[in-house]
Amino acid sequence: MVRFIPLKKNRLKALTALWNRHLGDEFPMTETLFEQNSFKDKNVCFKSSLIAVDEKDFPIGFIITKRWQENLDIAMSETTGWIQILLVDQEVRGQGIGSRLLNHAESELVAEGAKQILLGKDPYHYFPGIPGEYQETAKWFERRGYVHTGNEYDLMREYTIEEGKILPELDGVEFALLEKQGQHDFLAFLHRCFPGRWEYEAIHYFRKGGTGREFMVLKKNDRIIGFCRINDGQSPYIAQNVYWSPLFKEELGGAGPLGIDANERGQGYGLAIVEAGLAFLRQRNIRRIVIDWTGLVDFYKKLGYHPWKSYLSYQKEI
């Protein structure tokens, strides 16, 4: 007999094990990452999240949802609900467990004010959509009113020992790693030019003890006009483009997001800031680098990056 119980941290180990039995070959989960993204995030909506357990009280499925709940002056939607993950053990699929989990999540999110529900793309997300290899999962959600809105990709490149270590050179601008004392100016730049998720992630980065080494900045006349985020194993928390590092023996690096002040675009700065960020990762002797959650495949091909993983974006209007 299946019971549905609240999402609680004492189930962390069992939920991680369930994830890895079904998704671990492509998306290996650690308890540290699961705790970071699915319990410590203040936006987890425990009312609409549930665990399904069998007669032995063992988890056989779960759904984790989110809605914006942080008291920050950030441009984040208060009418969006996110389904971070919905997983049911293959041994018990076809018994309506997934439908019951989803119906509960949707009804509670709507009661909390959600007008649209996205699959993935949540703060501290795992996926920007349904992984492309899970076509049957996509069809399952389509039958329940979710609409495919586009595709996203994770890109990857593996470098030789000497490739990619030289910073680009452009007249009138300079590239540098952000220093801790530049935190205020950098956050002001993001608030002005990129209010919303990227600003939110930077605020959390500094709150978790970030020193600036994860942000390459582009300056003109000593003023920040662009940035590129870079991540590695020393970053203050597990960042999205290195989530799946357990797949590799060597250290994995990540690049992105990036942005250029709208008033400074069209001068080749976007490609250059990425090159600069990648060069700093390469100087740390990181040979395999991931650029996550992007549709700009042709743009990054210029730097030798190609699709590694694909995702199908889905949402449902209430």
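Start with the whole protein chain: among contacts (heavy atoms within 4.5 Å) between residues at least 6 apart in sequence, 75% join residues at least 24 apart. This is a predicted model, in which local features need pLDDT of at least 70, side-chain atom pairs count only at pLDDT 80 or more, and totals for chains, interfaces and linings use all residues. Residues are numbered from 1 along each chain as its sequence is written, and side-chain values use heavy atoms, with hydrogens and water left out.

Keep the chain selected. Of its 318 residues, 56% count as buried, meaning under 20% relative accessible area with a 1.4 Å probe, protein chains only. The C-alpha atoms fill a box of roughly 70 × 40 × 35 Å along the principal axes.

Next, show the aromatic side chains. The structure holds 32 aromatic pairs, that is, rings of Phe, Tyr and Trp (its six-membered ring) with centres within 6.5 Å; planes under 30 degrees apart count as stacked, over 60 as edge-to-face and the rest as tilted.

Select W140 and F141. Their ring centres are 5.0 Å apart and their planes at 85 degrees, so the pair is edge-to-face. Both W140 and F141 are buried.

Move to Y205 and F206. Here the centres are 4.9 Å apart and the planes at 75 degrees, so this pair is also edge-to-face. Y205 has a relative accessible area of 0%, and F206 one of 8%.

Now select the cluster that ring pairs form from W19, F27, F34, F39, F62, Y126, F127, Y243, W244 and Y311.

Finish at K208, which lies over the face of Y237, 5.8 Å from the ring centre.

Terms used:
Buried means under 20% relative accessible area, exposed over 50%, partly exposed in between (1.4 Å probe, protein chains only). A charge sits over a ring if NZ of Lys or CZ of Arg is within 6 Å of the ring centre and within 35 degrees of the ring normal.
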